[in-house]
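Biologist: I would like to go through this structure with you. Could we begin with a term that will be needed along the way?
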Amino acid sequence: MRYYLTTAIDYVNSRPHLGTAYEKITADVIARYQRGCGNEVRFLMGNDEHSQKVAAAGRKEGLTPLEWCDRMEGVFRSAWSALEIQPDVFIRTSEPRHREAVQALAQRIKDAGDFYEGEYEGWYCVGCEAFKRDEDLKDGLCPDHANRKPEWLKEKNWFFRLSRWCEPLKAHFAANPSFVLPESRRNELLALLDRGLEDISVSRTGTDWGIPFPFDERVVVYVWFDALINYITATGWPQDTASSAHWWPADLHLVGKDITRFHGVVWPAMLLSAGLPVPRKVFGHGFVNMSGGRMSKDAGRVTDPLELANTYGVAALRYYLCAEANFGQDLEFSEERLLARANSDLANGLGNLAARTAGMLTRWREGRVAAAPQSSALLARADAAVDTYQRCMEVLDLRGALAAATQIVTEANAHVDRTQPFAMAKDPARTAELDGVLAELVNSLLLACRLHHPFMPAKMEQLHLELTGTALDLTSSISGAKGARVLPGTILVKGAALFPRIETAKT
Ligand SMILES: [Zn+2]
């Protein structure tokens, strides 16, 4: 089966921060899980460039918007790569293929009779790149951009007849209960639909940084309208009909909870109007909060994910972000908790299991792995944990999936304490028994390694190589996990410590 997932594309007016990294990391985990299940995966990420604040950031440096965006592409791509995030496609909205898709989609909506000219008068927040109603503002300011006064706009604009799609959307929500998740986001959008939808202004005048309407070259497409279309551009639409028929509609749009309205209402309405299928699922994840406030570049609360990765390791950072909060809810970021997770779950848990298993095997068996016992309660439970893990991953419960993987580690470590292999090693009569216990440990580790792989790819690929002498097959790492065993006779290689204990936090 094919699986097409996307993240929100990022404004490139400043560097990636932990909040945006959170979304890309969790999406990368899902993509790697899907690849491991044997699915044909297309994981899309990219940059959202036609924003006034992007143009302004370039002006400050004396660069044209495009020159600025060229520079920022490198900044974003190298950050994502350092965090072991591996998209299959990276899109920029200034690319010709996107311009073509936006114009083709706009023409279809025009032909459907869903664009009309009107006068827009009202507030516009450049921070949000969004039109604001009076009730959206607090003391005349945008709650998310209190440092930036909204602009009063009065322009002749193109409007999208969003109101027309309210009833069809309600029907779609009713027929597809998991179209928007989690439940809280779905309920928000249902309430919005119940109140009725207003038509929205979708053009901007007075700027040439954007994509002109095919039927009105004087104005450019509103940046949100433009940005949403990237998801279908990246399938090859409209030119490559075979590719777009294969990849569209997307299986998952992973976005922040503040923009589920654009993805669960506006975007599907655009597609319905254009006669195209709507995405299968929109998931609105929570924010990464710092001391009670949302982490956001506009609010000035920013933590650099690359610095954290340097201090604690990429694996620990990815693990922490997925393990710490239920996916869909906010995560309260704490460097102390990150350190505690790195030391307890990784150094003392998985790292310790790997180190002691390799230590015992090399000391007593020159690394040679024996066959796993036919009936092992420990391995039976580890195999059962694979099922639990998959059930969780299928509903995007990343935390639950990690808990199932961690359970294997915890039980294996407890097995060492219970069976006392050190006592067995001193007793020649217990050779076979010791072989059995060591094989149970090695194979528990193998299963834990496979299940942790989407979360900590590089570390787990290293561990797999040490355990089995072979590279992990990334197309069956998950689908082949249940019942997977290290071949008897394999010589395990004891490598460097997987997760060295981190003694102090960087201050
Ligand atoms: Zn705003």
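This is a predicted model: local features need pLDDT of at least 70, side-chain atom pairs count only at pLDDT 80 or more; totals for chains, interfaces and linings use all residues.

Biologist: Which residue forms a salt bridge with Glu324?

Modeller: The partner is Arg337, and the closest N and O atoms of the pair are 2.7 Å apart. Arg337 itself counts as partly exposed, because its relative accessibility is 37%.

Biologist: Why can such side chains pair?

Modeller: Side chains of opposite charge can pair when their charged atoms come close.

Biologist: How many salt bridges are there in the whole structure?

Modeller: A search of the whole structure gives 33 salt bridges. One of them joins Glu73 and Arg92, with an N to O distance of 2.9 Å. Glu73 is in helix α3 and Arg92 in strand β4 (residues 89-92), so this pair ties together parts that are 19 residues apart in sequence.

Biologist: Are Glu73 and Arg92 buried or exposed?

Modeller: Glu73 has 19% relative accessibility and therefore counts as buried. Arg92 is buried as well, with a relative accessible area of 9%.

Biologist: Which residues are linked with Glu73 and Arg92 in a network of salt bridges?

Modeller: The network also includes Glu49, Asp70 and Arg77.

Biologist: What about Glu61; with which residue does it form a salt bridge?

Modeller: Glu61 pairs with Arg71, and their closest N and O atoms are 3.7 Å apart. Glu61 lies in the loop between α2 (52-60) and α3 (65-82), whereas Arg71 is in helix α3, so the two parts tied together are 10 residues apart in sequence. Glu61 is partly exposed at 48% relative accessible area, and Arg71 is partly exposed at 44%.

Biologist: Let us change topic to the metal. Which residues are the protein donors of the zinc ion?

Modeller: The donors are Cys125, Cys128 and Cys142, each through SG, and His145 through ND1. These atoms lie 2.0 to 2.4 Å from the zinc ion. Along the sequence, the donor residues follow the spacing C-x2-C-x13-C-x2-H.

Biologist: Why is the arrangement called tetrahedral?

Modeller: Four donors count as tetrahedral if all angles lie between 85 and 135 degrees. The 4 donor atoms here subtend angles of 105 to 118 degrees, so the arrangement meets that description.

Biologist: And are Cys125 and Cys128 buried or exposed?

Modeller: Cys125 counts as buried, because its relative accessibility is 1%. Cys128 has 18% and also counts as buried.

Biologist: Finally, the whole chain. How many helices and strands are there?

Modeller: The chain has 18 helices and 17 strands. Of its 507 residues, 58% count as buried. Its C-alpha atoms fill a box of roughly 90 × 50 × 40 Å along the principal axes.

Biologist: What share of the contacts with a separation of 6 or more comes from residues 24 or more positions apart?

Modeller: Such residues account for 79% of those contacts.

Definitions and conventions. Residues are numbered from 1 along each chain as its sequence is written. Side-chain values use heavy atoms; hydrogens and water are left out. Donors are N, O and S atoms within 2.8 Å of the metal (3.2 Å for Na, K and Ca); water is not among the atoms, so sites may look incomplete. Four donors count as tetrahedral if all angles lie between 85 and 135 degrees; four count as square planar and six as octahedral if opposite donors are over 155 degrees apart and all others between 65 and 115; anything else is irregular. Buried means under 20% relative accessible area, exposed over 50%, partly exposed in between (1.4 Å probe, protein chains only). Helices (H or I, at least four residues) and strands (E, at least two) are DSSP runs, numbered from the N terminus. Contact means heavy atoms within 4.5 Å. A salt bridge is a side-chain nitrogen of Lys or Arg within 4 Å of a carboxyl oxygen of Asp or Glu.
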